[in-house]
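Subject: Handover of a structure, with notes

Dear colleague,

I am passing on the structure below, together with notes on what was found in it. Please read the notes with the structure open beside them.

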Amino acid sequence: MTNPARCTMARDLARGSKGARLPCHTDLITAVAQPIPAEGQIIRAQHYVDTVIRGRTDRDRDPDQPHPSLEELFFLAWRVLATLHDGTLPIPQATSDLLEEAGGHAPALLTGLSNETATDVAVGTALAMTVLERDHPHSDAVLRWIADSHLRKDGSMEVSLKVNSWRTACSPATVTRALAVIDTRLRIIDRLRFATTSPTPQPPAAHPELIERRAAAIPATLWPSWSMRLMPHQIGGPRGAKVAEFRAGLSALLLVVRSTSRVYRDALALLGDPVPPSFVKSMITRLDRQYLTPLLAALTQLADALDDHGSPIDYQRRRSLACTVLAIDRPAYRQLAAQNRWRTPTDRSLDALDRYLRAIWTGTLTDTDPHLNDLRFRADPAVRAFLFDQAAGHLKRLGIDEPVTWEPSPEWVSGIPWPGTEPADISAEEFRRTAARHHKLTDVADSLGIGIEHARLYVELASTIPTVQRKTLGPPRGPRTTAPDAATLHDLYVTQGLSLRGMRKATGSSVEVLKAALREAGIAIRQPRERASRGYRLDRDWLYEQYAVKCRGFAEIAEEVKMDVRTIRRIVRTLGFSIRRHDGVPRDFTETTRGLDLPPAVYQAFCGRNAVQRVRNVSLLIDHPTVPEAAAACGIRVADLQRRTAVIENSTGFRLLDTSEPPRLTAEGRQLLHDAGPVLERYGRLYAYDPGAASAAHGRSPRTAAPAPDILRDLYVDQGLSLHKLRNITGASTTVLKQALTSAGIDIRRQGHRPGYSYRIDRDWLYEQYVVQHRTFSDIADEIGAVSTTVLNIARRHNIPIRSAVGVPRGFAATTQGLVIPPVIYRAFSGWKSVGRLKKISLLLDHHALETAAEAANVRPSELKRIAVIIEKDTGIPVLETVKPPRLTAAGRTLLQQVMPVFHRHDAMAGSTSAP
């Protein structure tokens, strides 16, 4: 119950205490009143509240006249009282004047709605009224003061979450003003979502269907003219690095404007994921601050205009149809090249044109291939017109009524200083003259004061500017000869498939004249190594018999039909024949066996290298019942004969020997060798008087006979020569030498071993030489008479750790023989050029200053410091002090003094070896 003249405000009790909402019942008659100026802000605020209340209850008020909200007034008043206690912000002048009017001191910090006083209500309401009155001179200053204090990141609470409280309590006009104040404080993605750089920022409320329609209206790579305007000049290098990705990132940012999504991933998914989300975030974060705000403002205005006007192209449909076959008409382009007297296009250039056509049609250019980027700038206007015609024809075939390309009007965005270049500011005539004067793209861009990618984009926009001064093919060189007419050229070159050289022999005209005549007749010239026989069709049964049954090689078949080897291989693959992994029969096999009726297994048995000799050796199994007897008859080892038998079994697909003990010929094997007898007989008669011709027929030189057994024993056993040196001395092959050594009863050494040396190395000795004395494997191998690989394998068997660094010099052990050297000295001398390095650093013993020692060593002081670092790393001993000026440490001086006896021994041995 309310008592007259008693205060109804709650007691100032602690939060949560019992009776906190009980009135204080202070006698207001005896209370001291604070005088308030009649024309002050507090009285004006009271009148303002009275007006708001009457506006809500007055029946005669104008319904069309908007009235303020008491909830908004309360929210702003509460935020004013909280901001008064924010010591990080200066208090506006209007707030200071109001506090003087209310008594000259700030109200106490409020902890709830239980302890506010009349002064609190008066100050908060007056300043809230100042914010709501747009014609008040301090309205924007007070609002900025409030928003700067509240709308900032506080712990884990993001700014975007605090905006929701403003959105709930305040009018849209107030929220818009507050968002404009905190624009630069938001994350970049939130600046786009709230559209804070636009005249009408609002919390994101765009429906997902609106964002999807916007995604269908923009290409995955932003339009060329808008890319020129929004892309700073420093974006992109000489090869267009990151330029295409930057344009794709701009398209993704367009979809973020006023979107409820808080990640870039959702926007990129609508564009087909042209770039990863991490790239979009990094590209916009690394952008210079001077370009960021204009870029975001332009994107916001452009997104709003796209939502209002739309686009005549459905890019989403084009991206979904990109999997369809979209390539240029190659015959038509070759005809265009012939008419314009251009060089014959290569496959690489045609592939680049295909990619360029797909980029134009889909609006997606993320391929940074240098050849494609070069084509974008240097393509002839006729080539660009041809690509546009090809794109329009593809749209027509799909039944799509859309223009090939389209771009939004530049008038959709206003009042923005472009980060890049406005295309209209570049003179087409000046660009044409600059492109004609400079050959390099970088020179053209530097002369015009624009970026490299801006030059490419401008050429794509103004598609009629030639950037390359083409030199048309002039008159043919050499003596002028008369070329045949067009009908004769077509008959010889197209119908008969003659090459240019063949036509030259047939007509007497030079190749240059024939090329010029073919271009004038509109006949496309074939690529180098491209034969007209590509269109020829060989009989499938005949080709199968020659390749699969008779096992002839591609080269032999191609020589018979006058075609290229690659053409035969391509036809075989097209017909589905299985390609052999091994060689076919010898090239003279068909001629040698002419007239013989051979089964397919015989052809398979004679496949591969040394096939005739292999079958001849295995055929001895017919007359000799066991394998050892047959091997002895042909003069080879049993293992070699068994291996040759296995090769024939793999080729034919059946076994020649059974599994009995001892193995004997199977019925199929005996029949095969019986059928191969006539072939071997013909080869024997053919090469009876010239044994080397059989090898020459297979493309090999005749074999050289091995030396006599006594000569082999002297060279291989007594002198200890290797097989490699034996081959160089005698001229016989390694295989022949091995067979001769085996026949002479001489054991063949294992690889890496030398005669007369023992390789059982003591582990402790090897550890001492390799680990302690830092000798190399090559140095140790020279001492024990082995190769370095053998020593390495022995060290690994003994579990000796293998170091990655180089050891001491090769003659270090002989140089220091007899000297007592600590292990650290060996580590100091390890590595390349260690002797010279230590000689230079040892000059510090005589010169205390680093500069004088460097001058004496004829090097820079920094070089001596680098040498000291290397020695410290190898030995683990600090050489130079860390104080300035750097001097030798005590441990470093001791190390260099221990090195000096090695130097004296090294200089003495060097002098003795160099003396006359």
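Contact, in what follows, means heavy atoms within 4.5 Å, and helices (H or I, at least four residues) and strands (E, at least two) are DSSP runs, numbered from the N terminus. The model is a predicted one, in which local features need pLDDT of at least 70 and side-chain atom pairs count only at pLDDT 80 or more, while totals for chains, interfaces and linings use all residues. Residues are numbered from 1 along each chain as its sequence is written, and side-chain values use heavy atoms, with hydrogens and water left out.

Helix pairs

In the contact between H24 and H25, Leu500, Met503, Arg504 and Thr507 of H24 meet Val511, Leu514, Lys515 and Leu518 of H25. These residues divide into five nonpolar, one polar and two charged, where Ala, Val, Leu, Ile, Met, Phe, Trp, Tyr, Cys and Pro count as nonpolar, Asp, Glu, Lys and Arg as charged, and the others, Gly among them, as polar. Axes are lines fitted to C-alpha atoms, for helices over the stretch in contact, and angles run from 0 to 180 degrees between N-to-C directions. The axes of H24 (residues 500-507) and H25 come within 9 Å and cross at roughly 105°, and the two helices are therefore roughly perpendicular to each other; angles under 35 degrees count as roughly parallel, over 145 as roughly antiparallel, 65 to 115 as roughly perpendicular and the rest as oblique.

For H18 (residues 370-378) and H22 (residues 452-461), the axes come within 8 Å and cross at roughly 55°, so this pair is oblique. Asn373, Arg376 and Phe377 in H18 meet Glu453, Ala455, Arg456, Leu457, Val459 and Glu460 in H22, and by class this contact has four nonpolar, one polar and four charged residues.

Buried helix residues

Buried means under 20% relative accessible area, exposed over 50%, and partly exposed in between (1.4 Å probe, protein chains only). In H16 (residues 330-339), the residues Tyr333, Leu336, Ala337 and Ala338 are buried, and what covers them includes H17 (347-362), H19 (381-397) and H25 (511-520). Just after H16, arginine 341 takes a positive phi of about 60°.

In H41 (residues 788-797), Thr790, Val791, Leu792, Ile794 and Ala795 are buried, and they pack against H39 (763-772) and H40 (777-784). Asparagine 799, which follows H41, has a positive phi as well, near 60°.

Rings and charges

Rings of Phe, Tyr and Trp (its six-membered ring) pair if their centres lie within 6.5 Å, and planes under 30 degrees apart count as stacked, over 60 as edge-to-face and the rest as tilted. By this rule the count comes to 13 aromatic pairs. In one of them, the rings of tryptophan 223 and tryptophan 406 have centres 6.0 Å apart and planes at 85°, so the pair is edge-to-face. Tryptophan 223 is in the loop between H9 (208-217) and H10 (224-230), and tryptophan 406 is in the loop between H19 and H20 (428-437), so that the pair links distant parts of the chain, 183 residues apart. Both tryptophan 223 and tryptophan 406 are buried. Phenylalanine 589 and phenylalanine 606 form a tilted pair, 5.2 Å centre to centre with 40° between the planes, and each of these two residues is buried. Ring pairs also link Phe812, Tyr826, Phe829 and Phe903 into a cluster.

A charge sits over a ring if NZ of Lys or CZ of Arg is within 6 Å of the ring centre and within 35 degrees of the ring normal. Arginine 229 lies over the face of tryptophan 418, at 5.9 Å from the ring centre, and the charged end of arginine 803 sits over the ring of tyrosine 770, 4.1 Å from its centre.

Single residues

Serine 225, in H10, is buried, with a relative accessible area of 7%. Not counting residues up to four places away in sequence, serine 225 touches Glu407, Pro423 and Leu461.

Arginine 655 lies in the loop between H33 (638-652) and H34 (667-686), and at 46% relative accessibility counts as partly exposed. Leaving aside its neighbours within four places in sequence, arginine 655 is in contact with Glu649, Thr666 and Gly669.
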